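User: I'm new to this structure and would like to learn how to read its domains and their contacts. Can you walk me through it?

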Amino acid sequence: MRSINVFSGSSHPALARSICQRLNMPLAEANLSKFANRETSVEIKVSVRQCDVYIVQSACGNVNDMLVELLIMIHACKIASARRIVAVIPCFPYARQPETPYKRNGMPLSRVPIEEMDKFATVFGGPSANAGSSSSGGRQRNTPFPTSAANGVPETPANGRLDTSTLERLRDGAVSPAFSTPSTSTQGSAADIVPPESPAESSSAISSSSATPTPSSVRAPGKALPNGPLASNRQPANISVPHPLTHSLGNPVSNASAVQGLMSGSLHVPGVTGGGYKHWAAKSGKLIADLLGVAGADHITTVDLHDPHFQGFFGVPVDNLSVEPVMVRYIKEHFPDWKKAVIVSPDAGGAKRASKIADRLGIDFALIHKERRHFAGTPAVVDKHGEGSHTTTTVPVSPSPITSPIVSPLATPLPSPSSASTVAAASDMLLVGSVTGRTCILIDDIADTSFTITKAARTLVSAGATKVCAIVTHGIMSGDAVTRIKKSVVDELIVSNTVPQEEHRKLLGDKLKVFDVGAVLAEAIRRIHNGESISLLYNNLWALETHE
Amino acid sequence: MAQTNVLAGHGSTTNSIKIFAGNSHLQLAKLVAKRLGLDLARVAVLKYSNQETSVTVGESVRDEDVFIIQTGAGEINDALMELLIMINACRSASARRITAVVPSYPYARQDRKDKSRAPITGKLVANMLTKAGCDHLITMDLHASQIQGFFDIPVDNLFAEPMMCKWVRDNVPECKNLDCIIVSPDAGGAKRAAAMADKLGVDFALIHKERKKANEVSKMILVGDVRGKVAVLVDDMADTCGTLGKAAEVLIENGATKVYAAVTHGVLSGKATSIINSSPLTKLVMTNSIPHEDKALLCPKIETIDISMTLAEAIRRTHNGESVSYLFGNVPDGMGELDVVG
C-alpha cells in the first residue's frame, strides 16, 4: 500500500508487527531510545510527507514514558508534514477515573515506605512538614492520607479553615467535637499529638469582636464533651472556636495558631464531612485527550475503552473497537459445553458488557455485586450480616468469609491470595443469579491488580460453580497480580494481547491464554486508510482467526 | 513563633497563594516556601500500581494564585506528567491563575528541526503545558531563550548570571586583579559567557569544537589567550560532562593556572561524576535547579548555588504584581541567611 506508514512505539512492538503482517507491509523504521538524562529520543527514519501515519502504542509498563514517547512521535510526524496521523492505542492510558484517593480493594496506590515519607513531607502534615510550621498542624502521620480518608471523611480542615456552617454548629453546641485516638494502624501518632495549652481566655473570646486571631489557647464552646461512643480513651482537648464574624479565616498563616488545638487531634464532627476540604484525586482523562490533540493526532483508535464517554473528551474522531466478536467466537470454539455455561460480570459496572455477550450466545447471565461498607469508623453501624462492626483501625488481615443471602458461609476457608494490600477484605460479594454445577465465564474489560477477578472466582466456587474462567480484554496485571491469579481458583484466564503477555505467560503457563487483537486493529487501519466503514467490526458476523 | 509573612497580608480575605510541589525537587520547593514564609500546600503525587500517576489535592485552590514547582530532572517523563496533571487538576478546581515554576525546562535541547523528521519536543512541551491549563511559566536559563516564543502565555526566563558573577567575585580571588578569564566551552554559549565577562570586567575566550556524534566530542580549538590566568568555564547545562572535561584539559594545556566551571543546570548523567573527578577542574559550581546531592557525595569538586531566593522573589513579585526585571541583574537579598532545615 502506498502512502501509509505504521510505526510502533516501544511499548508493544510485537502487536505492531502482527498488524503489519496482516496488512502485508513492513513496519516503518524509527529509532526510539532515551538520552543520557532520561529524555525520550525519537528519530523517524522514513519520509512521512503526505502519508497516512499510524502509530501503535499501548499503555503498559511505565505509562508516562509510553505516553510522552507517543506524543513526541505524533509531533515529529506532524511537523514532518504527514497528511494524517492516527494514534492506535489498544490499551488507553489514564482511562480509569478514580473517585477516591484510593480504593480499599482494586487500584491501590503504591504505598510509600515509612522511611521514605520524608519525600512526601508536604502530604497532609507528614513528619518533615512539621518542623516549625503551624498551619499544617502538629500531627505526625506516616500514611499518605489521613486514615478516615478511606471513607471520604478528611481528618481536619485543611490549613486551619473551617467552613462557616461547621463553626456555627460547633459554637451553638449542636455538634460536639469528638476526639478519637488517632488511628492505631499508624505508628507513633498518639504520642505525637500536641497537648493543648491551658485556656487563658474566657468565653468572651468567642463573642468578642476582636479583629485579631484568637490566641492558641483552646476552649470548648461551653459544652462538656460527651462520653458517648465517639469519645476516645484519651483526654479530649478543649477547642476554642473562632467566631466566624470576628475572625479572619482568609489568611492561613495568621490563623494557624488559633486552630492549633483543632489540628492537633483528629476531629470527627459526626454528620459533617469534617467541616473542611474533601480530598479529591485528579481525573486526568480530559487532559490526556487534550495532550493527544495538541500533539497533532487527527484520529484515535482504541480497544474497549474503559469508559465509553471518553470519546466525548476528544475533539478528534475516536474509534472504540470492541473485542466482543472475538470473545464470542473464542467461547464457542473453546468451551465444549458453552451452551450450558453462565456469563458472569464480576461487578455491577460491567453488567452491560457481560449481558451483551450472554445475549449473543443465548445463555444465562449472572452478576456479582460488591457490597461496600461505608463509614467504617463509626461503631454504631452494624453490618447487615450481623458480623459486628468494623473500624478502619482493626483491619482483618485474612479475608472475611464471603457471605450472601443465597450462598451459605464457607465451612472451610479458601486459601487466601497473597495480597500486598491488607485493607482488601472489608466488602462482601453478593451473587445475583445461579451458578450451581455450571461453568462460569467471567467477563471484564481490565484486569489490573486482579482483586476483582480472583474474589469473584472465589464467590462463584463457593456458590457451586464447577469451573471458572475469566475473559478480560486488557490484562495489565501489575504488581503481584500474576501471583494472585496463580494462587486463585480461576481455572483459566483469557486475555487479549493489547498489553504484552510474554512475561505473564512465563509465570502462569497454561493458565493464561492470549487471543490476538491484531486482526481487528489491522482491519480497522485498512478501512480507515481506504475510507471504508468500520461498523462491520462492531458486528459479530465476520470471521476472525483467534490465536493462542 | 511569629512568621514574617513576606506576602504582606492585606488583612482581608484577598486570594492567597498556594505553592504545590511535585516529586522532582521537593527540597528546592521547601526552600522556596520557607523563604516566602509559607508551607507547601497539601498534595499527594504518587503512582498507581499500574504506574499511572495519581495526584490528590488536599486543599481548596478555588480563586487562588497557584504556583507549581517542578523541574525537569530524574525521570523526566514522570516529572512532566506529574506537572501536567497537577496543572490540570488545579485548573478544573477553578484556580485563578496557575504558574508553573520549572527551573530546568524539560526537552529544552530539542528546540529546532536540525535534521529530517526531528521533533521539536520543546515546542510540544510548551503546547502541552498551555493545553493543560498553565497561565504563566517561570524558568531559568533556557537552553535557547527563543523557547519563550514557543509559548503564547507569558514566560519569565530568569538568569543565574547574577548569582554566578557573585560566586566568582567571592570565590575566585584572581578576579579582582583581572587575572581571570571567562571561557565558553562551545560557540553556542559565546553570548552568555561574553555577557558575564563584561559584567565582571574580565577577558573572554572561546573553545570551538567539531562534533562527530551526539554526546561525543572530538577536536577542540581555543580561541583567545588564557596563559597564566584562572579560567572559568561557563555553560548552561552539564550533562555527560564530556565537553567540560575536555575543555578543562585544553585550557590547562594552553597555560591556564586553574580551571573552574560554572554551570546553571547540573544534569550529571552517566559517567559525569567520574569525568569531573579525573579532569583538571578545580571546582564545578552548579545551581540547585536540578537536585544533585547524591552526585555531590561522589564528587567533592561540586559546589551548589541556591536559587531558591531568586525563585521566591520571582514568585512574590509575580503574585504582588511587581516588576521582575530587578532579578535579571541582581541577586536578591537574603541569600545564604536561611537555616536550611532538612
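Analyst: Let's start with domains: their bounds come from an automatic or database domain assignment. In chain B that gives domain 1 (17-159 + 307-328) and domain 2 (161-305). The C-alpha centres of these two domains of chain B lie 28 Å apart. Keep in mind that this is a predicted model, where local features need pLDDT of at least 70, side-chain atom pairs count only at pLDDT 80 or more, and totals for chains, interfaces and linings use all residues. Residues are numbered from 1 along each chain as its sequence is written, chains are lettered from A and ligands numbered from 1 in the order in which they are written, and side-chain values use heavy atoms, with hydrogens and water left out.

User: How many residues of domain 1 of chain B are in contact with domain 2 of chain B?

Analyst: Contact means heavy atoms within 4.5 Å. By that rule, 21 residues of domain 1 of chain B touch 17 residues of domain 2 of chain B.

User: And how do I read the size of an interface?

Analyst: It is often given as the accessible area lost when the parts come together. Buried area here is the accessible area (1.4 Å probe) that two parts lose on being put together, summed over both. For domain 1 and domain 2 of chain B it is about 1400 Å², with 51% from carbon and sulfur atoms. On the domain 1 side, Arg109(B), Asp141(B) and Ile307(B) lose the most area to domain 2 of chain B, together 35% of what that side buries.

User: Which residue forms a salt bridge with Arg109(B)?

Analyst: A salt bridge is a side-chain nitrogen of Lys or Arg within 4 Å of a carboxyl oxygen of Asp or Glu. The partner of Arg109(B) is Asp239(B), with the closest N and O atoms 3.0 Å apart. The count between the two domains of chain B is one salt bridge.

User: Which elements give two or more residues to the domain 1 side in chain B?

Analyst: Helices (H or I, at least four residues) and strands (E, at least two) are DSSP runs, numbered from the N terminus. On the side of domain 1 of chain B that touches domain 2 of chain B, these elements are α1 (26-36), α9 (308-320) and α10 (326-329) of chain B. The largest share, three residues, comes from α1(B).

User: How does chain A divide into domains?

Analyst: Chain A has domain 1 (4-97 + 282-319) and domain 2 (323-371 + 427-515). Their C-alpha centres are 29 Å apart. Eleven residues of domain 1 of chain A are in contact with twelve of domain 2 of chain A, and the two bury about 1100 Å² between them, 57% of it on carbon and sulfur atoms.

User: What salt bridge does Arg96(A) form?

Analyst: Arg96(A) pairs with Asp448(A), the closest N and O atoms being 2.8 Å apart. Across the interface of the two domains of chain A, the rule finds one salt bridge.

User: How many salt bridges are there over all chains?

Analyst: A search of the whole structure finds 39. One of the salt bridges joins Arg38(A) and Glu75(B), with the closest N and O atoms 2.8 Å apart. This pair crosses between chains: Arg38(A) is in the loop between β2 (30-34) and β3 (40-44) of chain A, and Glu75(B) is in the loop between β4 (65-69) and α2 (76-92) of chain B.
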